[in-house]
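Student: Could you walk me through this one? Pick any residue you like to start with, and we'll go from there.

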Protein chains: 2
Amino acid sequence: MSTGIKSISIIGSGNVAHHLGKAFAGHVNITSVHSRNFQTGSQLAEDLNAFFAETVTDILPSDLVLICVNDDDIRDVLKSLPLEMSCAYCSGAVEISSLPVRKNLGVIYPLQTFSLHRDVDLFEVPFFIEANNEFFAQELFDLAWLLSRKVVFANSTDRKHLHLAAVMVNNFVNHIHFLAEKYLKSKSLEFAYLKPLIKETALKLQSTNPFDAQTGPALRNDKVTIEGHLDLLDEETKEMYGMLTNSIIKHHNNK
Amino acid sequence: MSTGIKSISIIGSGNVAHHLGKAFAGHVNITSVHSRNFQTGSQLAEDLNAFFAETVTDILPSDLVLICVNDDDIRDVLKSLPLEMSCAYCSGAVEISSLPVRKNLGVIYPLQTFSLHRDVDLFEVPFFIEANNEFFAQELFDLAWLLSRKVVFANSTDRKHLHLAAVMVNNFVNHIHFLAEKYLKSKSLEFAYLKPLIKETALKLQSTNPFDAQTGPALRNDKVTIEGHLDLLDEETKEMYGMLTNSIIKHHNNK
């Protein structure tokens with residue numbers, strides 16, 4: 001497969017812009033970068049060997065404008081771009097039908113968390129593709145295929161479901177890690193002790209389903225340990241502990 | 001460092017017995033194994049090239065009896081063992097002071113989740129050591145040092161705190177993965193799509209603290225996306241979503 005998209009302009013200079021920009025730069029020509037943030041935008045342009053467009057209207061002609069901005073800003077960015085420009089955005093939550101109509105509008109949604117200073121192997125990352133016409137959808141598919149072997153067509157509804165699930169396994173899980181760190185800190189104990197466990201918890205799920213991987217006092221409905229834990233916690237963490245413990249007990253059919 | 005403990009009998013045949021037994025077998029003599037479960041117990045004895053003791057009283061003389069049974073059963077096992085036998089158990093939650101007094105009683109608590117069919121690299125796993133006398137504590141420390149370079153003395157209170165934090169980052173995190181899988185299944189979408197994200201979420205924390213690693217709609221206090229998600233969820237998952245979202249907003253000082 002080869003894509004008809006040979007040049008890309010990028011709008012945005014956050015984590016997604018940075019990682020997709022770097023990844024695509026190995027395969028297509030990154031012509032220009034625009035960002036409201038002069039510092040990160042011009043740095044990204046330099047890193048990608050691209051022209052830095054100080055205003056949206058300065059971006060150079062490209063086969064695709066890749067919009068890597070916050071969900072709330074996608075609409076405004078689209079409004080500022082000439083209608084003949086082919087555009088794709090990277091959001092899980094925003095429906096195509098909610099945006100202003102144009103000839104070619106699509107989505108490239110990588111289901112991954114990106115941080116500025118961490119390299120991520122994109123080859124196994126799922127990319128979900130949608131567009132307002134089949135030809136453009138195929139072009140975006142072929143473009144994403146340059147980076148990953150998990151490229152999938154998905155409509156806005158399925159993408160929203162996937163994004164919601166991603167919020168659970170990334171945002172909520174990360175916050176539970178934060179609450180565990182906060183708890184240990186309050187007892188003058190190091191969060192670092194948990195790192196091998198956090199890693200193994202995730203790696204185990206690469207080959208085991210979450211139901212079978214479940215262990216612990218809630219699974220065993222071990223009331224003495226559960227009560228002992230609840231006594232140690234502050235109100236907020238206690239509420240979280242109680243809710244998730246009850247949910248585990250319920251789903252694993254303990255009495 | 002070298003340990004005075006040259007021979008071990010193991011009581012139990014679950015995941016912890018299996019993994020610690022296999023690991024110690026490379027360094028000391030596993031003399032006998034006892035388990036109420038004949039099948040898994042005799043199999044473990046065979047795997048470890050040890051005698052299978054059908055009753056507790058049949059276990060062979062050993063420098064240490066390593067008790068790898070459920071928290072609730074530790075007391076009964078200890079009562080059935082002659083007082084001159086040196087014993088250690090592997091639980092995070094059970095306090096030494098809650099158990100019957102004997103000459104040498106201690107704890108080797110590995111902070112990790114073990115599954116029968118998954119090998120775990122113990123070398124980086126923290127082992128928390130406690131005993132009712134200093135000499136025996138040092139012997140247990142030196143024994144654990146055979147397996148890991150993260151061996152730490154910790155009293156029963158600290159061990160309880162660590163166990164509680166472990167419940168959060170393993171049991172609760174795993175259950176959130178289960179709820180995400182359940183949600184995706186209800187929408188005919190594959191859990192497998194989440195695996196690279198689950199892995200990266202954990203790996204990122206090896207070098208970033210959870211506060212800095214946080215991303216997502218709750219961090220941005222993106223009310224439109226949050227409301228959209230809540231509308232999609234069943235009551236139970238909605239409660240979990242709302243509680244964790246509010247907690248993220250609170251801790252990250254959004255307005």
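**Talking through the model**

Tutor: Let me start with N49(A), which counts as exposed at 74% relative accessibility, where exposed means over 50% relative accessible area, buried means under 20%, and partly exposed lies in between, using a 1.4 Å probe and protein chains only. Before going on, note that this is a predicted model, in which local features need pLDDT of at least 70 and side-chain atom pairs count only at pLDDT 80 or more, while totals for chains, interfaces and linings use all residues. Residues are numbered from 1 along each chain as its sequence is written, chains are lettered from A and ligands numbered from 1 in the order in which they are written, and side-chain values use heavy atoms, with hydrogens and water left out.

Student: Ok, and where is N49(A) placed?

Tutor: N49(A) sits in the loop between α2 (38–47) and β3 (51–53) of chain A, where helices (H or I, at least four residues) and strands (E, at least two) are DSSP runs numbered from the N terminus. Its phi is near 60°, a positive value in a residue other than glycine.

Student: What about N221(A), buried or exposed?

Tutor: N221(A) counts as buried, at 14% relative accessibility. This residue lies in the loop between α7 (210–213) and α8 (223–232) of chain A, and it has a positive phi of about 50° although it is not a glycine.

Student: Switching to the sheet, what is the strand order in chain B?

Tutor: In chain B, eight strands form an open sheet with mixed pairing, in the order β3-β2-β1-β4-β5-β6-β7-β8; two strands are taken to pair if DSSP finds at least two bridges between them. β3 (51–53) and β8 (151–153) of chain B stand at the edges with a single partner strand each, so one side of each has no neighbour in the sheet. From one strand to the next, the twist averages 25°.

Student: And which sense does the β7 pairing with β8(B) have?

Tutor: Strand β7 (residues 127–131) of chain B pairs with β8(B) in the parallel sense, over three bridges, and F128(B) stands opposite V152(B) in β8(B). Helix α4 (residues 134–145) of chain B lies across several strands, among them β7, and runs at about 160° to β7(B). For such angles, axes are lines fitted to C-alpha atoms, for helices over the stretch in contact, and the values run from 0 to 180 degrees between N-to-C directions.

Student: Back in chain A, how many residues of β1 are buried?

Tutor: Five of the five residues of strand β1 (residues 7–11) of chain A are buried. S7(A), S9(A) and I11(A) point one way from β1(A), while I8(A) and I10(A) point the other way. In a regular strand the side chains alternate between the two faces of the sheet. β1(A) pairs with strand β2 (residues 29–34) of chain A in the parallel sense over five bridges, with S9(A) opposite S32(A) in β2(A).

Student: Which residues make the contact of α5(A) with α6(B)?

Tutor: The axes of helix α5 (residues 156–186) of chain A and helix α6 (residues 195–204) of chain B come within 10 Å and cross at roughly 5°. That makes α5(A) roughly parallel to α6(B), since angles under 35 degrees count as roughly parallel, over 145 as roughly antiparallel, 65 to 115 as roughly perpendicular and the rest as oblique. The contact, meaning heavy atoms within 4.5 Å, is made by A166(A), V169(A), N170(A) and V173(A) of α5(A) and by L197(B), I198(B) and T201(B) of α6(B).

Student: And what does H177(A) touch?

Tutor: H177(A), which lies in helix α5 of chain A, counts as buried at 2% relative accessibility. Not counting residues up to four places away in sequence, H177(A) touches F191(A), I198(A), V169(B), V173(B), L205(B) and P210(B).
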